Amino acid sequence: MDNGKLVDARDLPIVKLVPRTKRKIDKKYGRRIEASIRAVGLIEPLVVYPVDDHYEILDGCLRYAILLELGVEMVPCLIGSAREAFTGNRMVNRLSSAQEMRMLRKSLEELDEKTIANALGIAGIKHRLNQGLLKKLDPRVAKAFEAGKISKSCATELAHVKPDRQVEILKLMESCDDHSVTFAKGMVLKTSASRRAKTNGARTPWARADEKKSDLLKRLREAEQQQDFYSGLYRQYTTNLLKLVIYVRALLSNERVRQYLAEHHSEPLKLFEEIINSTER
């Protein structure tokens with residue numbers, strides 16, 4: 001948000017606010033915003049612009065509609081110096097899994113899980129804390145994940161191998177300055193069976209790799225079968241063509257037949273001669 005375009009901040013009567021545009025509200029998203037407002041209040045003020053005796057809402061029409069339903073009388077607003085519609089959401093960088101996890105843990109220092117879940121409009125937050133994943137990671141790898149050095153997808157891949165191998169791969173990633181999921185997957189697939197983590201029946205990267213290999217071999221066999229089919233078809237076609245050439249050559253070697261074709265069927269005769277000439281090159 002460009003603070004240079006905001007000249008004042010104050011609480012305004014909700015009856016003085018008028019939405020600039022009507023927006024169709026996604027029910028799920030609306031419930032989440034409402035839950036957040038009920039739990040912790042309005043975090044992001046509305047952005048408005050004074051017009052005659054009212055204020056036009058430039059950003060926050062959804063929040064306004066929810067506040068109106070909740071019966072709120074006074075609303076925190078930022079007064080814009082320009083009548084320019086924009087959305088604060090486009091200025092926001094979405095949280096990564098690691099950042100979200102750190103934010104939730106920080107919130108748990110002051111609020112309970114139920115309050116935070118209600119504020120987010122979700123059933124619970126345990127799955128977002130990644131506790132199950134963290135238990136599978138070596139502390140050094142977990143620290144890199146929580147610091148945002150590796151993504152959740154990358155950490156999930158590393159969880160398929162034993163802790164010492166996780167650290168080994170992490171060091172390789174750091175030395176190569178490549179923290180991508182692709183690099184992690186490649187290193188995990190190269191891990192020997194003795195250094196793989198217990199799966200408890202879950203599908204592993206090696207099983208997926210074997211499936212891909214099996215699928216590729218199946219496609220190769222199908223391609224070979226098609227090649228054999230078309231090769232046989234071509235051989236049959238070539239054989240039939242040679243038989244035809246022999247027949248046509250014998251036919252045109254008869255002078256009476258050639259003379260008759262020349263007088264009554266000149267076009268077929270020309271085609272026959274082209275066939276013979278093409279096979280003699």
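Tutor: Of the 281 residues of the protein, 28% count as buried, where buried means under 20% relative accessible area, exposed means over 50%, and partly exposed lies in between (1.4 Å probe, protein chains only). This is a predicted model, in which local features need pLDDT of at least 70 and side-chain atom pairs count only at pLDDT 80 or more, while totals for chains, interfaces and linings use all residues. Residues are numbered from 1 along each chain as its sequence is written, and side-chain values use heavy atoms, with hydrogens and water left out.

Student: Why is Glu 56 called buried?

Tutor: Glu 56 has a relative accessibility of 11%, and because buried means under 20%, Glu 56 counts as buried.

Student: What makes Arg 20 partly exposed?

Tutor: The relative accessible area of Arg 20 is 35%, which falls between the limits for buried and exposed, so Arg 20 is partly exposed.

Student: How do you know that Arg 20 forms a salt bridge with Glu 56?

Tutor: A salt bridge is a side-chain nitrogen of Lys or Arg within 4 Å of a carboxyl oxygen of Asp or Glu; the closest N and O atoms of Arg 20 and Glu 56 are 3.8 Å apart, so the pair qualifies. The two residues are 36 apart, with Arg 20 in the loop between β2 (17-19) and α1 (27-40) and Glu 56 in strand β4 (residues 54-59).

Student: Which residue forms a salt bridge with Arg 258?

Tutor: Glu 273 does, the closest N and O atoms being 2.8 Å apart.

Methods
Helices (H or I, at least four residues) and strands (E, at least two) are DSSP runs, numbered from the N terminus.
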